[in-house]
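These are my notebook entries on a structure that I am reading for the first time. I wrote down what I looked up, one topic after another.

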Amino acid sequence: MYEAGGDRTAVIAFRAFRDMYRAGYVAYAVARLGTRELAERVVEDSLTALAVRWSATLGCSHPAAMAWRLLSACVDEAEGAPLPCPGDRICGSDAHVLRDHLRMDIGRASDLMGLSRGEFLVALNSADRPTGACCWNEQP
């Protein structure tokens, strides 16, 4: 009985997470991939993968950061990005897309990436590094 209640709570928590983050994820994916149709499909794929591991994700100290890494990896794969972000660092180009291209305020953008504002600003500043330091190459 406890597990059934726990499963229901996890499902409710996942739905709330999805509802809160999905629009921002789609905006990011459209900015990276160029088409809404592909972006919607990639976001749905990443959210489905997240749902499968949702209980484990909730056990992490920063679930939104784990979800962002999963989304970013799915977008990298769909884009055919040759050098995806290493799992142990934050990609500054993602912060750049959210802040400069999508004009998100720092609070919303840092929440989407699962970062504190300070961590987000560090990531944003790292986007000024040479091309090789970024996850993907921005197209003109």
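**Entry 1: H4 against H6.** I began with the place where Ala64, Ala65 and Trp68 in H4 meet Asp111, Leu112 and Met113 in H6, a contact being heavy atoms within 4.5 Å. The helices I name here are DSSP runs (H or I, at least four residues; strands are E, at least two), numbered from the N terminus. H4 and H6 pack with their axes 6 Å apart and at an angle of about 80°, where axes are lines fitted to C-alpha atoms, for helices over the stretch in contact, and angles run from 0 to 180 degrees between N-to-C directions. That makes H4 roughly perpendicular to H6, since angles under 35 degrees count as roughly parallel, over 145 as roughly antiparallel, 65 to 115 as roughly perpendicular and the rest as oblique. By class, this contact of H4 with H6 has five nonpolar residues, no polar ones and one charged; Ala, Val, Leu, Ile, Met, Phe, Trp, Tyr, Cys and Pro count as nonpolar, Asp, Glu, Lys and Arg as charged, and the others, Gly among them, as polar.

**Entry 2: what kind of model.** I noted that this is a predicted model, in which local features need pLDDT of at least 70 and side-chain atom pairs count only at pLDDT 80 or more, while totals for chains, interfaces and linings use all residues. Residues are numbered from 1 along each chain as its sequence is written, and side-chain values use heavy atoms, with hydrogens and water left out.

**Entry 3: the whole chain.** The protein holds seven helices and zero strands. Of its 140 residues, 38% count as buried, and buried means under 20% relative accessible area, exposed over 50%, partly exposed in between (1.4 Å probe, protein chains only). I also looked up how far the contacts reach: among those between residues at least 6 apart in sequence, 65% join residues at least 24 apart.

**Entry 4: the core.** Which residues have the most contacts inside the largest nonpolar core? They are Phe17, Tyr25, Leu50, Trp68 and Leu98, in a core of 33 residues; such a core is a set of buried Ala, Val, Leu, Ile, Met, Phe, Trp, Tyr and Cys residues joined through side-chain atoms within 4.5 Å. The elements that give two or more residues to this core are H1, helix H2 (36–52), H4, H5, H6 (106–113) and H7, and H1 gives the most, with nine residues.

**Entry 5: aromatic rings.** The structure holds six aromatic pairs, counted when the ring centres of Phe, Tyr and Trp (its six-membered ring) lie within 6.5 Å, with planes under 30 degrees apart called stacked, over 60 edge-to-face and the rest tilted. Phenylalanine 17 and tyrosine 21 form a stacked pair, 4.3 Å centre to centre with 25° between the planes. These two are separated by about one helical turn because they stand four residues apart in helix H1 (residues 2–33), and both are buried. Tyrosine 28 and tryptophan 68 form a tilted pair, 4.5 Å centre to centre with 55° between the planes. This second pair links distant parts of the chain, with tyrosine 28 in H1 and tryptophan 68 in H4 (residues 63–79), 40 residues apart. Phe14, Phe17, Tyr21, Tyr25, Tyr28, Trp54 and Trp68 form one aromatic cluster.

**Entry 6: glycine 24.** Not counting residues up to four places away in sequence, glycine 24 touches Met104, Arg108 and Leu112.

**Entry 7: H5 and what follows.** The axes of H5 (residues 92–101) and H7 (residues 117–126) come within 7 Å and cross at roughly 100°, which makes H5 roughly perpendicular to H7. The contact is made by Gly92, Ala95, His96, Arg99 and Asp100 of H5 and Phe120, Ala123, Leu124 and Ser126 of H7. H5 is followed by arginine 103, which lies in the loop between H5 and H6. Phi of arginine 103 is near 60°, a positive value in a residue other than glycine, and arginine 103 is exposed, with a relative accessible area of 65%.
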